[in-house]
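Open the model in your viewer and keep the selection tool ready.

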Protein chains: 2
Amino acid sequence: VPTHPEPIASLIAALSTLPGIGPRSAERLALHLVQAEAGTVRQLAATLLKAREEIRFCGICGGLTREVPCAICADPRREATLVCVVERPVDILSIEKAKTFRGRFHVLGGRLSPLDGVGPEDLRIAELERRVTAEHIAEVLLALSTDVEGDATSHFLAKRLAPLGVRVTRIAHGLPAGTALDYADELTLSQAIEGRREIHQP
Amino acid sequence: VPTHPEPIASLIAALSTLPGIGPRSAERLALHLVQAEAGTVRQLAATLLKAREEIRFCGICGGLTREVPCAICADPRREATLVCVVERPVDILSIEKAKTFRGRFHVLGGRLSPLDGVGPEDLRIAELERRVTAEHIAEVLLALSTDVEGDATSHFLAKRLAPLGVRVTRIAHGLPAGTALDYADELTLSQAIEGRREIHQP
(Lines give C-alpha, C1' and ligand atoms only; values in the text may rest on other atoms or scores of the structure.)
Protein backbone atom coordinates (compact mmCIF):
# COMPACT_ATOMS: atom_id res chain seq x y z
CA VAL A 1 0.00 0.00 0.00
CA PRO A 2 1.50 3.36 -0.97
CA THR A 3 2.06 5.63 2.01
CA HIS A 4 3.28 9.12 2.68
CA PRO A 5 7.06 9.63 2.70
CA GLU A 6 8.62 8.77 6.05
CA PRO A 7 8.73 11.83 8.25
CA ILE A 8 5.13 12.61 7.23
CA ALA A 9 3.96 9.08 8.09
CA SER A 10 5.52 9.38 11.56
CA LEU A 11 3.90 12.75 12.12
CA ILE A 12 0.49 11.37 11.09
CA ALA A 13 0.96 8.45 13.51
CA ALA A 14 1.93 10.80 16.35
CA LEU A 15 -1.01 13.15 15.71
CA SER A 16 -3.43 10.20 15.51
CA THR A 17 -2.79 9.43 19.18
CA LEU A 18 -4.27 12.78 20.26
CA PRO A 19 -7.87 12.87 21.55
CA GLY A 20 -10.47 13.64 18.90
CA ILE A 21 -7.94 13.36 16.04
CA GLY A 22 -8.82 10.50 13.67
CA PRO A 23 -6.61 9.22 10.83
CA ARG A 24 -8.16 11.71 8.35
CA SER A 25 -7.66 14.74 10.59
CA ALA A 26 -4.13 13.59 11.43
CA GLU A 27 -3.29 13.34 7.72
CA ARG A 28 -4.76 16.77 6.97
CA LEU A 29 -2.91 18.33 9.91
CA ALA A 30 0.41 16.68 9.01
CA LEU A 31 0.20 17.76 5.37
CA HIS A 32 -0.68 21.27 6.47
CA LEU A 33 2.21 21.40 8.92
CA VAL A 34 4.94 20.17 6.55
CA GLN A 35 3.88 22.82 4.05
CA ALA A 36 3.45 25.63 6.60
CA GLU A 37 5.99 28.39 7.22
CA ALA A 38 9.03 26.87 8.96
CA GLY A 39 8.93 29.69 11.53
CA THR A 40 5.28 29.03 12.33
CA VAL A 41 5.98 25.33 12.89
CA ARG A 42 8.99 26.05 15.11
CA GLN A 43 6.84 28.48 17.09
CA LEU A 44 4.12 25.85 17.54
CA ALA A 45 6.62 23.25 18.74
CA ALA A 46 8.18 25.77 21.16
CA THR A 47 4.76 26.79 22.53
CA LEU A 48 3.89 23.13 23.05
CA LEU A 49 7.13 22.37 24.91
CA LYS A 50 6.89 25.53 27.01
CA ALA A 51 3.32 24.76 28.05
CA ARG A 52 4.17 21.17 28.96
CA GLU A 53 7.22 22.26 30.95
CA GLU A 54 5.67 25.17 32.83
CA ILE A 55 2.24 23.78 33.68
CA ARG A 56 1.89 21.62 36.77
CA PHE A 57 -0.83 20.51 39.13
CA CYS A 58 -1.65 22.79 42.06
CA GLY A 59 -0.64 20.93 45.21
CA ILE A 60 -3.82 22.05 46.97
CA CYS A 61 -6.73 21.87 44.51
CA GLY A 62 -5.19 19.71 41.76
CA GLY A 63 -5.94 22.27 39.05
CA LEU A 64 -3.50 23.17 36.25
CA THR A 65 -1.28 26.13 37.00
CA ARG A 66 2.09 27.73 36.39
CA GLU A 67 2.57 28.88 40.01
CA VAL A 68 1.97 26.54 42.97
CA PRO A 69 -0.35 27.15 44.74
CA CYS A 70 -2.59 28.32 41.90
CA ALA A 71 -4.09 31.81 41.68
CA ILE A 72 -7.44 30.68 43.09
CA CYS A 73 -5.99 28.77 46.07
CA ALA A 74 -3.70 31.75 46.78
CA ASP A 75 -6.49 34.36 46.56
CA PRO A 76 -7.41 35.53 50.09
CA ARG A 77 -10.69 36.98 48.80
CA ARG A 78 -12.05 33.51 47.95
CA GLU A 79 -14.23 31.90 50.64
CA ALA A 80 -11.91 29.42 52.33
CA THR A 81 -14.64 27.31 53.91
CA LEU A 82 -16.53 26.51 50.69
CA VAL A 83 -14.97 23.99 48.27
CA CYS A 84 -16.39 22.91 44.91
CA VAL A 85 -15.45 19.36 43.84
CA VAL A 86 -15.03 18.82 40.07
CA GLU A 87 -13.85 15.86 38.00
CA ARG A 88 -11.22 17.49 35.79
CA PRO A 89 -9.02 20.61 35.90
CA VAL A 90 -10.89 22.07 32.90
CA ASP A 91 -14.14 22.03 34.91
CA ILE A 92 -12.71 24.77 37.15
CA LEU A 93 -12.75 27.15 34.20
CA SER A 94 -16.36 26.26 33.36
CA ILE A 95 -17.44 27.14 36.91
CA GLU A 96 -15.31 30.31 36.91
CA LYS A 97 -16.95 31.48 33.68
CA ALA A 98 -20.35 31.27 35.37
CA LYS A 99 -19.08 33.95 37.84
CA THR A 100 -21.36 32.71 40.62
CA PHE A 101 -19.03 30.68 42.78
CA ARG A 102 -16.69 32.46 45.21
CA GLY A 103 -15.17 29.50 47.03
CA ARG A 104 -12.22 27.26 46.16
CA PHE A 105 -11.89 24.02 44.20
CA HIS A 106 -10.88 20.41 44.54
CA VAL A 107 -10.16 18.31 41.43
CA LEU A 108 -11.12 14.68 41.91
CA GLY A 109 -9.25 13.44 38.82
CA GLY A 110 -12.23 11.53 37.40
CA ARG A 111 -15.18 9.67 38.84
CA LEU A 112 -15.82 6.19 40.17
CA SER A 113 -16.09 3.71 37.30
CA PRO A 114 -15.86 0.04 38.33
CA LEU A 115 -16.03 -1.08 34.69
CA ASP A 116 -12.93 0.99 33.84
CA GLY A 117 -11.21 -0.08 37.06
CA VAL A 118 -11.44 3.39 38.67
CA GLY A 119 -11.96 2.98 42.41
CA PRO A 120 -11.93 5.48 45.33
CA GLU A 121 -8.17 5.10 45.76
CA ASP A 122 -7.62 6.33 42.17
CA LEU A 123 -9.33 9.66 42.91
CA ARG A 124 -8.19 12.53 45.15
CA ILE A 125 -10.67 11.59 47.89
CA ALA A 126 -8.21 11.16 50.76
CA GLU A 127 -6.80 14.60 49.87
CA LEU A 128 -10.33 16.02 50.03
CA GLU A 129 -10.91 14.51 53.47
CA ARG A 130 -7.62 15.97 54.69
CA ARG A 131 -8.54 19.42 53.36
CA VAL A 132 -12.00 19.34 54.97
CA THR A 133 -10.35 18.83 58.37
CA ALA A 134 -7.22 20.93 57.93
CA GLU A 135 -8.90 23.90 56.23
CA HIS A 136 -12.02 23.83 58.43
CA ILE A 137 -14.23 23.54 55.36
CA ALA A 138 -17.92 24.11 56.12
CA GLU A 139 -19.47 23.12 52.77
CA VAL A 140 -18.43 20.77 49.97
CA LEU A 141 -20.33 21.53 46.74
CA LEU A 142 -20.25 18.56 44.33
CA ALA A 143 -20.24 19.57 40.66
CA LEU A 144 -19.71 16.24 38.89
CA SER A 145 -21.17 14.97 35.63
CA THR A 146 -24.91 14.41 35.72
CA ASP A 147 -24.78 10.81 34.51
CA VAL A 148 -24.98 7.49 36.33
CA GLU A 149 -21.29 7.38 37.25
CA GLY A 150 -21.24 11.03 38.30
CA ASP A 151 -24.29 10.49 40.51
CA ALA A 152 -22.78 7.35 42.04
CA THR A 153 -19.58 9.25 42.78
CA SER A 154 -21.54 12.12 44.38
CA HIS A 155 -23.40 9.71 46.66
CA PHE A 156 -20.18 7.90 47.55
CA LEU A 157 -18.52 11.21 48.50
CA ALA A 158 -21.51 12.34 50.58
CA LYS A 159 -21.29 9.10 52.56
CA ARG A 160 -17.49 9.31 52.94
CA LEU A 161 -17.62 12.92 54.14
CA ALA A 162 -20.55 12.43 56.55
CA PRO A 163 -18.36 11.51 59.58
CA LEU A 164 -16.45 14.80 59.18
CA GLY A 165 -19.58 16.82 59.92
CA VAL A 166 -19.23 18.94 56.75
CA ARG A 167 -22.27 20.08 54.79
CA VAL A 168 -22.35 18.33 51.38
CA THR A 169 -24.40 19.93 48.57
CA ARG A 170 -24.58 19.36 44.85
CA ILE A 171 -25.34 21.63 41.90
CA ALA A 172 -28.97 21.51 40.73
CA HIS A 173 -29.99 19.08 38.01
CA GLY A 174 -32.63 20.51 35.71
CA LEU A 175 -33.33 22.14 32.39
CA PRO A 176 -30.41 23.94 30.76
CA ALA A 177 -30.97 27.66 30.19
CA GLY A 178 -32.51 28.66 26.89
CA THR A 179 -33.99 25.29 25.90
CA ALA A 180 -37.57 24.55 24.95
CA LEU A 181 -39.34 21.96 27.06
CA ASP A 182 -39.72 19.47 24.24
CA TYR A 183 -35.96 19.30 23.72
CA ALA A 184 -35.34 17.99 27.23
CA ASP A 185 -35.06 14.23 27.75
CA GLU A 186 -37.33 12.51 30.24
CA LEU A 187 -34.71 12.05 32.95
CA THR A 188 -33.75 15.73 32.86
CA LEU A 189 -37.42 16.77 33.05
CA SER A 190 -38.04 14.32 35.86
CA GLN A 191 -35.11 15.74 37.85
CA ALA A 192 -36.21 19.31 37.07
CA ILE A 193 -39.66 18.56 38.46
CA GLU A 194 -38.31 16.85 41.57
CA GLY A 195 -35.97 19.77 42.22
CA ARG A 196 -38.65 22.43 41.80
CA ARG A 197 -38.35 25.63 43.83
CA GLU A 198 -40.88 28.02 45.28
CA ILE A 199 -41.31 31.24 43.37
CA HIS A 200 -41.34 34.09 45.84
CA GLN A 201 -44.44 36.14 45.07
CA PRO A 202 -44.45 39.80 45.91
CA VAL B 1 -13.61 36.62 31.64
CA PRO B 2 -11.64 33.84 33.38
CA THR B 3 -9.15 32.12 31.09
CA HIS B 4 -6.66 29.29 31.22
CA PRO B 5 -3.28 30.07 32.80
CA GLU B 6 -0.84 31.60 30.36
CA PRO B 7 1.16 28.91 28.61
CA ILE B 8 -2.07 26.94 28.10
CA ALA B 9 -3.84 29.95 26.60
CA SER B 10 -0.99 30.44 24.10
CA LEU B 11 -1.05 26.76 23.17
CA ILE B 12 -4.81 26.87 22.59
CA ALA B 13 -4.37 29.95 20.39
CA ALA B 14 -1.61 28.25 18.37
CA LEU B 15 -3.60 25.03 17.91
CA SER B 16 -6.71 27.01 16.87
CA THR B 17 -4.90 28.22 13.76
CA LEU B 18 -4.63 24.65 12.39
CA PRO B 19 -7.12 23.48 9.76
CA GLY B 20 -10.18 21.72 11.15
CA ILE B 21 -9.29 22.60 14.76
CA GLY B 22 -11.95 24.83 16.33
CA PRO B 23 -11.67 26.55 19.73
CA ARG B 24 -13.19 23.52 21.51
CA SER B 25 -10.83 20.99 19.91
CA ALA B 26 -7.87 23.29 20.54
CA GLU B 27 -8.77 23.52 24.23
CA ARG B 28 -9.22 19.75 24.55
CA LEU B 29 -5.91 19.10 22.77
CA ALA B 30 -4.00 21.67 24.84
CA LEU B 31 -5.33 20.31 28.13
CA HIS B 32 -4.46 16.80 27.03
CA LEU B 33 -0.96 17.81 26.00
CA VAL B 34 -0.01 19.68 29.18
CA GLN B 35 -1.07 16.64 31.22
CA ALA B 36 0.55 14.04 28.92
CA GLU B 37 3.87 12.31 29.63
CA ALA B 38 6.67 14.88 29.17
CA GLY B 39 8.57 12.39 26.99
CA THR B 40 5.57 11.88 24.71
CA VAL B 41 5.18 15.63 24.24
CA ARG B 42 8.89 16.11 23.51
CA GLN B 43 8.66 13.25 21.00
CA LEU B 44 5.67 14.87 19.28
CA ALA B 45 7.45 18.23 19.04
CA ALA B 46 10.59 16.53 17.66
CA THR B 47 8.58 14.56 15.08
CA LEU B 48 6.86 17.76 13.99
CA LEU B 49 10.13 19.66 13.57
CA LYS B 50 11.82 16.75 11.80
CA ALA B 51 8.95 16.38 9.34
CA ARG B 52 8.90 20.10 8.59
CA GLU B 53 12.68 20.24 8.14
CA GLU B 54 13.10 17.14 6.01
CA ILE B 55 10.09 17.37 3.71
CA ARG B 56 10.39 19.49 0.58
CA PHE B 57 8.73 19.84 -2.79
CA CYS B 58 9.96 17.63 -5.62
CA GLY B 59 11.53 19.90 -8.23
CA ILE B 60 9.89 17.95 -11.04
CA CYS B 61 6.35 17.00 -10.00
CA GLY B 62 5.86 19.36 -7.04
CA GLY B 63 4.92 16.54 -4.66
CA LEU B 64 6.11 16.28 -1.05
CA THR B 65 9.29 14.25 -0.60
CA ARG B 66 12.43 13.80 1.46
CA GLU B 67 14.68 13.12 -1.53
CA VAL B 68 14.64 15.31 -4.64
CA PRO B 69 13.58 14.11 -7.18
CA CYS B 70 10.87 12.10 -5.44
CA ALA B 71 10.62 8.30 -5.58
CA ILE B 72 7.99 8.38 -8.32
CA CYS B 73 9.84 10.83 -10.59
CA ALA B 74 13.04 8.81 -10.06
CA ASP B 75 11.41 5.44 -10.79
CA PRO B 76 12.42 4.25 -14.31
CA ARG B 77 9.54 1.74 -14.36
CA ARG B 78 6.93 4.52 -14.38
CA GLU B 79 5.66 5.51 -17.84
CA ALA B 80 7.56 8.68 -18.64
CA THR B 81 5.20 9.91 -21.33
CA LEU B 82 2.01 9.87 -19.23
CA VAL B 83 1.57 12.59 -16.61
CA CYS B 84 -1.34 12.95 -14.21
CA VAL B 85 -2.12 16.52 -13.13
CA VAL B 86 -3.47 16.94 -9.58
CA GLU B 87 -4.26 19.96 -7.46
CA ARG B 88 -2.39 19.15 -4.26
CA PRO B 89 0.51 16.92 -3.19
CA VAL B 90 -1.85 14.74 -1.10
CA ASP B 91 -3.80 13.85 -4.27
CA ILE B 92 -0.78 11.86 -5.51
CA LEU B 93 -1.23 9.41 -2.65
CA SER B 94 -4.94 9.05 -3.43
CA ILE B 95 -4.14 8.10 -7.02
CA GLU B 96 -1.33 5.78 -5.93
CA LYS B 97 -3.67 3.93 -3.57
CA ALA B 98 -5.98 3.16 -6.50
CA LYS B 99 -3.04 1.23 -8.05
CA THR B 100 -4.26 1.83 -11.61
CA PHE B 101 -2.03 4.64 -12.76
CA ARG B 102 1.52 3.83 -13.90
CA GLY B 103 2.64 7.25 -15.15
CA ARG B 104 4.07 10.24 -13.32
CA PHE B 105 2.54 13.27 -11.65
CA HIS B 106 2.36 17.03 -11.82
CA VAL B 107 1.05 19.05 -8.88
CA LEU B 108 -0.74 22.18 -10.01
CA GLY B 109 -0.82 23.77 -6.55
CA GLY B 110 -4.55 24.52 -6.62
CA ARG B 111 -7.10 25.38 -9.28
CA LEU B 112 -8.23 28.52 -11.01
CA SER B 113 -10.42 30.57 -8.73
CA PRO B 114 -10.97 34.16 -9.86
CA LEU B 115 -12.98 34.94 -6.72
CA ASP B 116 -10.02 33.96 -4.52
CA GLY B 117 -7.59 35.74 -6.83
CA VAL B 118 -6.01 32.51 -8.11
CA GLY B 119 -5.06 32.95 -11.76
CA PRO B 120 -3.03 30.79 -14.19
CA GLU B 121 0.25 32.40 -13.10
CA ASP B 122 -0.37 31.21 -9.51
CA LEU B 123 -0.45 27.57 -10.60
CA ARG B 124 2.37 25.37 -11.94
CA ILE B 125 1.07 25.61 -15.51
CA ALA B 126 4.20 27.00 -17.18
CA GLU B 127 6.16 24.16 -15.51
CA LEU B 128 3.67 21.68 -16.97
CA GLU B 129 4.09 23.13 -20.47
CA ARG B 130 7.87 22.91 -20.13
CA ARG B 131 7.63 19.29 -18.99
CA VAL B 132 5.33 18.33 -21.87
CA THR B 133 7.96 19.54 -24.33
CA ALA B 134 11.14 18.56 -22.51
CA GLU B 135 9.95 15.11 -21.40
CA HIS B 136 8.16 14.31 -24.69
CA ILE B 137 4.95 13.69 -22.78
CA ALA B 138 2.29 11.99 -24.91
CA GLU B 139 -0.70 12.23 -22.60
CA VAL B 140 -1.70 14.61 -19.82
CA LEU B 141 -4.37 13.07 -17.59
CA LEU B 142 -6.26 15.72 -15.61
CA ALA B 143 -7.41 14.56 -12.16
CA LEU B 144 -8.76 17.74 -10.61
CA SER B 145 -11.75 18.20 -8.30
CA THR B 146 -15.08 17.53 -10.01
CA ASP B 147 -16.62 20.87 -9.11
CA VAL B 148 -17.12 24.05 -11.13
CA GLU B 149 -13.65 25.44 -10.49
CA GLY B 150 -11.99 22.09 -11.13
CA ASP B 151 -13.87 21.69 -14.40
CA ALA B 152 -13.01 25.24 -15.45
CA THR B 153 -9.35 24.56 -14.68
CA SER B 154 -9.45 21.33 -16.69
CA HIS B 155 -10.87 23.11 -19.72
CA PHE B 156 -8.38 25.93 -19.35
CA LEU B 157 -5.52 23.44 -19.29
CA ALA B 158 -6.85 21.53 -22.31
CA LYS B 159 -6.92 24.77 -24.26
CA ARG B 160 -3.45 25.85 -23.06
CA LEU B 161 -1.90 22.49 -23.92
CA ALA B 162 -3.56 22.18 -27.36
CA PRO B 163 -0.74 23.93 -29.28
CA LEU B 164 1.77 21.42 -27.89
CA GLY B 165 0.06 18.52 -29.66
CA VAL B 166 -0.25 16.48 -26.46
CA ARG B 167 -3.26 14.27 -25.81
CA VAL B 168 -5.28 15.70 -22.89
CA THR B 169 -7.61 13.38 -21.00
CA ARG B 170 -9.42 13.64 -17.74
CA ILE B 171 -10.54 11.07 -15.19
CA ALA B 172 -14.13 9.92 -15.66
CA HIS B 173 -16.97 11.52 -13.82
CA GLY B 174 -17.47 8.47 -11.71
CA LEU B 175 -16.54 10.68 -8.80
CA PRO B 176 -19.45 12.13 -6.88
CA ALA B 177 -19.84 15.82 -7.75
CA GLY B 178 -18.45 18.47 -5.42
CA THR B 179 -16.03 16.27 -3.48
CA ALA B 180 -12.32 16.74 -3.06
CA LEU B 181 -10.14 13.96 -4.43
CA ASP B 182 -9.02 12.57 -1.11
CA TYR B 183 -12.59 11.78 -0.03
CA ALA B 184 -13.08 9.30 -2.88
CA ASP B 185 -12.74 5.59 -2.16
CA GLU B 186 -10.12 3.59 -4.00
CA LEU B 187 -12.51 1.69 -6.27
CA THR B 188 -14.23 4.87 -7.43
CA LEU B 189 -10.87 6.45 -8.15
CA SER B 190 -9.68 3.32 -9.96
CA GLN B 191 -12.78 3.26 -12.17
CA ALA B 192 -12.46 6.96 -12.83
CA ILE B 193 -8.91 6.45 -14.06
CA GLU B 194 -9.85 3.53 -16.33
CA GLY B 195 -12.83 5.41 -17.81
CA ARG B 196 -10.91 8.55 -18.73
CA ARG B 197 -12.19 10.44 -21.81
CA GLU B 198 -10.65 12.70 -24.42
CA ILE B 199 -11.26 16.40 -23.95
CA HIS B 200 -12.26 17.90 -27.31
CA GLN B 201 -9.91 20.72 -27.98
CA PRO B 202 -11.19 23.75 -29.82
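Which helices each supply at least two residues of the lining of the largest cavity? They are α1, α2 and α3 of chain A together with α1, α2 and α3 of chain B. Helices (H or I, at least four residues) and strands (E, at least two) are DSSP runs, numbered from the N terminus.

Some ground rules come next. This is a predicted model, where local features need pLDDT of at least 70 and side-chain atom pairs count only at pLDDT 80 or more, while totals for chains, interfaces and linings use all residues. Residues are numbered from 1 along each chain as its sequence is written, chains are lettered from A and ligands numbered from 1 in the order in which they are written, and side-chain values use heavy atoms, without hydrogens and water.

**Stop 1: the largest cavity**

Select Leu15(A), Leu18(A), Leu44(A), Leu15(B) and Leu44(B). Of the 16 lining residues, these lie nearest the centre of the largest cavity. On a 1 Å grid over the protein atoms alone, a cavity is a set of points where a 1.4 Å probe fits but cannot get out; lining residues have an atom within 4 Å of a point. The space in this cavity is about 160 Å³. That volume is the space filled by probe spheres set on the points, which are joined across faces, edges and corners. α3(B) gives the most to the lining, with three residues. By class, the lining has 16 nonpolar, no polar and no charged residues. Ala, Val, Leu, Ile, Met, Phe, Trp, Tyr, Cys and Pro count as nonpolar, Asp, Glu, Lys and Arg as charged, and the others, Gly among them, as polar.

**Stop 2: Leu15(B)**

Now select Leu15(B), in helix α1 of chain B. Is Leu15(B) buried or exposed? Leu15(B) is buried, with a relative accessible area of 8%. Buried means under 20% relative accessible area, exposed over 50%, partly exposed in between (1.4 Å probe, protein chains only). Leaving aside neighbours within four places in sequence, Leu15(B) is in contact with residues including Leu44(A) and Ile21(B). Contact means heavy atoms within 4.5 Å.

**Stop 3: the largest nonpolar core**

Together with Leu15(B), they touch the most other members of the largest nonpolar core, which has 44 residues. Such a core is a set of buried Ala, Val, Leu, Ile, Met, Phe, Trp, Tyr and Cys residues joined through side-chain atoms within 4.5 Å. A second, separate core has 22 residues, among them Cys61(B) and Ile72(B).

**Stop 4: where the chains meet**

Colour by chain. The contact takes 49 residues from chain A and 49 residues from chain B. In chain A, select Pro7(A), Leu48(A) and Arg52(A), which lose the most area to chain B.

**Stop 5: the largest pocket**

A pocket is an open set of points with protein on both sides within 12 Å along at least five of seven lines. α4(A) gives the most to the lining, with seven residues.

**Stop 6: helix α4(A)**

Finish on α4(A). Seven of its ten residues are buried, so α4(A) is largely enclosed by the rest of the structure. Pro89(A) and Leu93(A) are among the buried ones.

Notes:
Buried area is the accessible area (1.4 Å probe) that two parts lose on being put together, summed over both.
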